[in-house]
Amino acid sequence: MDDPAPDLSPELSLRDVVAALESLYPLDSAAEWDRVGLVTGDLEQPVRRILFALDPTLAVIDEAREWGADLLVTHHPLLLKGVHSVATSSAKGASVTALVRAGVALWVGHTNADVADPGVSTVLADALGLTDQRPLSTEGSGAGGRGPEGVPDGSRPFRNAVGRVGRLAAPVSLAEFADVVAAALPDTAGGIRVSGDPDGEVRTVAVMGGSGDDRFDDVRASGVDVYVTADLRHHPVLEAREEARGGRPYLIDAGHWATESLWLADGRERLVSALGQAPGATRVETRVSTIRTEPWTFVVGANAARADRAAPDTGGVS
């Protein structure tokens, strides 16, 4: 997915690129607990090649080095939790050391890219063909968010547009819509998990890329037929389905990596456009990483306990 731009001059500096990125995804719109922005790099260093990836894993950093990237842009932070050493005996330390040795800068757009409009959830909603889009919720300072361990933290805000709500061109069954989701997203080992009546009608949809089971109140208030997100946990999902009494909103867990990875190409295109509008724009090559950073590799026994299958024979009385 290389994108060679016209060979113009003068060279872009990291400062120029960071300014463009932060005009698209302002740092002050990130959740307070988040760690976004420039992680490594010299603001005066030239930038000729930029690699986009979801996660700054060791394999992705190797890809950046081998390609000769000057900047790695990722969605997920490298140093979300506090660290006290960057010795190469730890994966985090090895990552920081590799970036610095290779002269590869790292910039992170996480919750600031989540809440952007357009942002992560907008790209997901577009991929599913949703029209008449609006935010699932719009929040400001003090509204509350999700902490680094995934725990809701009312003192740490998300800002701006959270998630998206939209309509399908025509109603479909939940089973048919799940096929739409599967076709729109990259393949994953885990596939798509669905909770609801396969024949239930779906017309209105809420989406949130990445973890979203802290948004069930907003989803119920929106009146949608189905909610597409990821990282759905047993207890919040069970409670949500109990509240729905088996009806709407239905739930689809489409996977964290899959629901967010679509943003990479969109972010790349928006950055190229922003740099092209800057005075003295220069030649810069961009690429979306081909490395899949989804941690799962395979699944065993999927659909073995489907609700539409007969219960197993428990045997006779002994």
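Helices (H or I, at least four residues) and strands (E, at least two) are DSSP runs, numbered from the N terminus. With those labels I went through this model, which is a predicted one.

Entry 1, the sheet. I looked up the strand order and found an open sheet of 6 strands, arranged S7-S10-S12-S13-S14-S11 with mixed pairing. The edges are taken by S7 (131-139) and S11 (193-195), each of which has a single partner strand, so one side of each lacks a neighbour in the sheet. From one strand to the next, I noted, the twist averages 25 degrees.

I then followed S13 (residues 226-230) and S14 (residues 250-253), which pair in the parallel sense over 4 bridges. Within this pairing I located Tyr 227, which stands opposite Leu 251 in S14.

I placed Asp 213 in the loop between S12 and helix H7 (216-222). Is Asp 213 buried or exposed? I count Asp 213 as buried because its relative accessible area is 6%, where the cut-off for buried is under 20%. Looking for a partner of its side chain, I found a polar contact of 2.8 Å to the side chain of Arg 233.

How values were computed. Residues are numbered from 1 along each chain as its sequence is written. This is a predicted model: local features need pLDDT of at least 70, side-chain atom pairs count only at pLDDT 80 or more; totals for chains, interfaces and linings use all residues. Side-chain values use heavy atoms; hydrogens and water are left out. Two strands pair if DSSP finds at least two bridges between them. Axes are lines fitted to C-alpha atoms, for helices over the stretch in contact, and angles run from 0 to 180 degrees between N-to-C directions. Buried means under 20% relative accessible area, exposed over 50%, partly exposed in between (1.4 Å probe, protein chains only). A polar contact is a pair of N or O atoms within 3.5 Å; within protein, one must be able to donate a hydrogen and the other to accept it, and residues adjacent in sequence count only if both atoms are side-chain atoms.
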